[in-house]
Amino acid sequence: MAGNKGRGRASFTFNIEAIGFARGEKLPDVVLKPPPLYPDTDYKPVPLKADEAEEYMLALKQEFRATMKRTPYFMDTEEEKQEIERYSKRYLKSYKDDDLEWVPDWRRLPREMMPRKKLTKGPKRQRTKGTAKVPATLMSTVDVLKKIEDLEKKGDEEKSDEETDEKEGGKGKRKDDDDEEDEAADEQEEYDEEEQEEENDYINSYFEDGDDFGAESDDNMDEATY
Amino acid sequence: MTQAEIKLCSLLLQEHFGEIVDKIGTHLIRTGSQPLRAIVHGTGTSLDQVKKALCVLIQHNLVTYQIHKRGIVEYEAHCSRILRILRYPRYIYTAKTLYSDTGELIVEELLLNGKMTMSAVVKKVADRLTETMEDGKTMDYAEVSSTFCRLADTHFVQRCPLVPDPPESAEAQPPPPAPTLSINEKDMYLVPKLNLIGKGKRRRSSDDDAAGEPRPKRPKQTAESKEPMPDDGIYWQANLDRFHQHFRDQSIVNAVANRMDQTSSEIVRTMLRMSEITTSSGAPFTQPLSSNEIFRSLPVGYNISKQVLDQYLTLLADDPLEFVGKSGDSGGGMYVINLHKALASLAMATLESIVQERFGSRCARIFRLVLRKKHLEQKQVEDFAMIPAKEAKDMLYKLLSENLISLQEIPKTPDHAPSRTFYLYTVNSLSAARMLLRRCYKSIANLIERRQFETRENKRLLEKSQRVEAILASMQATGAEEAQLQEIEEMITAPERQQLESLKRNVNKWVPLVLPQLLARSFGRFLGGMGDQRSYIFQAL
């Protein structure tokens with residue numbers, strides 16, 4: 001030990017020849033940086049198993065993930081609303097399956113999970129609209145196309161032409177209304193969050209009930225359908 | 001719970017349930033069990049979203065709740081359960097191999113929805129099967145429910161714990177803040193008596209009734225669902241432990257087949273099948289089976305005499321790996337399968353093969369040497385491995401720095417002076433296996449991230465191809481001419497097409513499914529074999 005001292009080499013408490021350094025050999029430099037992100041490998045990895053079963057499971061996995069995205073369980077952050085609806089977006093909307101409405105079995109869940117009637121109204125309305133809107137616009141284009149076809153057949157019946165005009169006008173108006181309502185709902189939601197802390201919300205609910213939900217009010221509002 | 005596991009859980013939740021659920025779920029994993037208000041506060045998400053996300057997580061059995069004192073309900077996420085999402089395709093595929101398409105769809109629906117009532121499953125599966133069938137043919141409900149019963153009989157699906165019936169004196173005391181779910185062991189696999197009559201319905205997808213049909217149909221459907229089904233409230237879920245048991249049995253059978261021959265593997269398969277339901281999934285041994293019983297249960301096509309069977313059994317019991325053990329002499333000899341031992345050997349074999357593939361055969365020789373001899377000094381390693389001392393040191397240190405081999409100091413004197421200390425190299429197989437398992441999780445997470453990155457980078461291209469496909473489909477539906485279709489198809493240029501192809505190939509490659517499969521499973525098994533690490537087995541599988 002003591003013999004190592006003063007010979008230009010750091011002093012070790014043990015014989016460094018035991019760990020494979022010959023007498024007089026230089027020690028490796030001290031490494032001060034982290035190891036590389038993609039270190040070289042000495043041996044090539046074995047290729048993946050690729051038989052029919054694996055292929056099938058791979059397909060299953062991709063399909064499962066895609067299906068999950070369409071189920072009501074998938075909660076994405078709501079996209080920022082774009083002022084102009086992009087044409088390209090129209091074909092991308094993967095609208096959720098209509099028949100896949102999910103009503104949780106409230107008997108199995110803690111009571112606090114159950115949305116209180118008033119609280120759910122704000123966001124709920126938005127949600128139904130969010131999903132209902134896409135098919136609606138698609139629907140309306142289909143409707144209009146149909147109408148135009150009809151018109152072509154009928155030729156010069158001006159009466160029906162006026163009708164469509166009216167209808168379309170009406171639709172545009174309704175949409176505007178919807179937008180306004182959305183904003184109102186937004187405000188309402190924020191307001192609600194503050195309110196819910198204090199739990200004295202009867203007066204608000206009084207006003208809330210007077211609100212008209214427009215065309216979508218026919219579905220069941222008592223339970224939150226996700 | 002390591003960072004790698006949390007990261008992977010978060011990615012899995014995000015891919016399957018969206019950003020919000022991911023946020024809530026990851027928060028719960030990090031913090032442990034928490035009450036609702038703390039979750040809202042901790043994640044900065046609105047109360048409604050938290051509630052909905054928790055509902056989703058509870059529905060999929062990823063989160064459970066518990067009532068604490070003073071009536072506070074706490075929610076807890078189960079990381080190991082979330083990691084099992086990785087294995088869903090495997091469960092579904094297993095169901096397909098065992099119970100054909102019907103079984104596949106039943107398990108798939110259960111996994112997609114977390115839990116469902118039997119009537120809902122049967123209806124949905126019948127509808128889906130009908131859709132794939134030729135025109136005019138339909139799937140009968142009865143057929144689907146018989147497959148469901150078979151799945152329940154073999155324990156592949158099980159009942160979820162039930163909500164207890166409300167007591168008569170409900171008014172006297174306020175209801176608890178959360179129901180206490182419980183289930184009787186006996187009822188777990190009891191299929192409710194249902195007479196589901198009907199056939200799968202085809203979804204009307206053709207264009208002519210797209211505008212008019214669904215509207216009037218809607219109210220009818222809701223009216224239908226209004227009246228409760230007789231099995232209302234009895235939910236079913238896929239029994240993942242049973243699937244794991246099946247995987248375990250299969251790899252034991254494969255191992256025996258590789259070691260001896262087809263016939264002996266068939267015998268082991270028979271033994272495992274006989275004890276499938278009687279042995280719990282964590283038991284170290286199967287129930288003892290007499291050779292007469294085994295002889296009777298051999299598959300019909302297998303023509304071996306009782307004598308040959310006895311010879312095989314003796315041979316299996318004498319095998320140094322001890323997959324099969326002899327537990328008694330009555331009834332022509334009682335035999336058991338030593339499950340834990342089998343798993344441990346399989347896992348050790350995997351560990352050795354990993355060292356071999358990553359560091360070469362000479363490192364593997366050193367590794368095996370240390371494994372067999374338990375504790376070795378450096379000098380002994382160099383001598384026994386018959387590798388030049390300098391290289392042997394190099395390899396040994398490499399394995400040590402990768403944590404595959406550990407170092408044990410035994411000082412001769414209390415001052416721990418290096419010159420008077422033994423340095424013994426040893427393999428701590430449990431920690432080595434755990435480390436490799438963690439590394440698997442890490443690489444899966446990396447692969448998922450890589451795939452997401454690649455998809456993001458090529459978003460425009462993917463969107464374009466999607467759009468063109470949508471336009472093509474709509475044109476085809478309206479009966480467009482061939483030339484028109486071709487024109488649209490050409491909207492994607494050749495180089496773009498090429499890029500898409502390569503992207504698809506790469507993304508496929510990165511879909512992490514195959515790589516960790518073998519590793520994760522064997523380690524889990526191995527850990528399972530180590531006795532008290534039972535819970536670990538399920539995490540890895």
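Let's start with residues 351-427 of chain B, whose end C-alpha atoms sit 11 Å apart, with 56% of the span in helix and 18% in strand. UniProt lists this stretch, in an unreviewed entry, as "domain: DNA-directed RNA polymerase III subunit RPC3 winged-helix". Keep in mind that what you're looking at is a predicted model.

There's an open sheet of 3 strands in chain B with the order E10-E12-E11 and antiparallel pairing. E10 and E11 (406-411) are the edge strands, each with a single partner strand, so one side of each has no neighbour in the sheet. E11(B) and E12(B) are held together by 6 bridges and run antiparallel. One pairing to look for is Ser406(B), whose bridge partner in E12(B) is Thr426(B).

Helix H16 of chain B covers residues 378-385, and its buried residues are Gln378(B), Val381(B), Glu382(B) and Ala385(B). Look down the axis of H16(B) and these buried residues fall within an arc of 95°, so they line one face of the helix. What packs over them? The cover for the buried residues of H16(B) includes helix H15 (361-373), strand E10 (376-377), helix H17 (389-401) and strand E12 (421-426), all of chain B. Just past the end of H16(B), Met386(B) takes a positive phi of about 55°.

Helix H17 of chain B holds Lys393(B). Is Lys393(B) buried or exposed? Its relative accessibility is 11%, and buried means under 20%, so Lys393(B) counts as buried. Leaving aside neighbours within four places in sequence, Lys393(B) contacts Gln378(B) and Glu382(B) of its own chain, along with Glu17(A), Ala18(A), Ile19(A) and Gly20(A). Gln378(B) and Glu382(B) are themselves among the buried residues of H16(B).

Residues 7-65 of chain B carry another UniProt annotation from an unreviewed entry, "domain: RNA polymerase III subunit RPC82-related helix-turn-helix". This span is 76% helix and 8% strand, and its end C-alpha atoms are 23 Å apart.

Strand E3 of chain B (residues 73-77) has 4 of its 5 residues buried, so the rest of the structure largely encloses it. Which strands pair with E3(B)? Strand E1 (residues 34-35) of chain B joins E3(B) through 2 bridges, running antiparallel, and strand E2 (residues 63-67) of chain B pairs with E3(B) over 5 bridges, also antiparallel. Glu74(B) takes part in both pairings: it is the bridge partner of Pro35(B) and of Gln66(B). E2(B) and E3(B) make a hairpin with 5 residues between them, and Arg70(B) in the turn has a positive phi of about 65°.

## Strand E6

Strand E6 of chain B (residues 235-238) points Tyr235(B) and Gln237(B) one way and Trp236(B) and Ala238(B) the other, and all of them are buried.

Trp236(B) is where to look in each case: Met116(B) stands opposite Trp236(B), and Arg159(B) has Trp236(B) as its bridge partner.

## Nonpolar cores

The largest nonpolar core has 82 residues, and the members touching the most others are Leu8(B), Phe17(B), Leu54(B), Tyr75(B), Leu111(B) and Trp236(B). The biggest contribution, 11 residues, comes from helix H6 (residues 88-113) of chain B. A separate core of 27 residues lies apart from it, with Leu351(B), Leu371(B), Ile387(B) and Met435(B) among its members.

Not counting residues up to four places away in sequence, Phe17(B) touches Val56(B), His60(B), Leu62(B) and Ile85(B) in chain B, plus Met68(A), Tyr73(A), Phe74(A) and Met75(A).

## Chain B overall

Zooming out, chain B contains 23 helices and 12 strands. Of its 541 residues, 50% count as buried. The chain exposes about 27,200 Å², with carbon and sulfur atoms supplying 51% of it. Among contacts in chain B with a separation of 6 or more, 65% link residues 24 or more positions apart.

Key
Residues numbered from 1 in each chain as written. Chains lettered and ligands numbered in written order. Predicted model: local features only at pLDDT ≥ 70, side-chain atom pairs only at ≥ 80, totals over all residues. Heavy atoms only, no water. Buried < 20%, exposed > 50% of the residue type's maximum accessible area, 1.4 Å probe, protein only. Arc of directions from axis to C-beta. Contact = heavy atoms within 4.5 Å. Pairing = 2+ DSSP bridges. Core = buried A, V, L, I, M, F, W, Y, C linked by side-chain atoms within 4.5 Å. Areas by Shrake-Rupley, 256 points an atom, 1.4 Å probe, with all protein chains shown as cover. UniProt positions renumbered as here; feature names shortened; annotations may be inferred.
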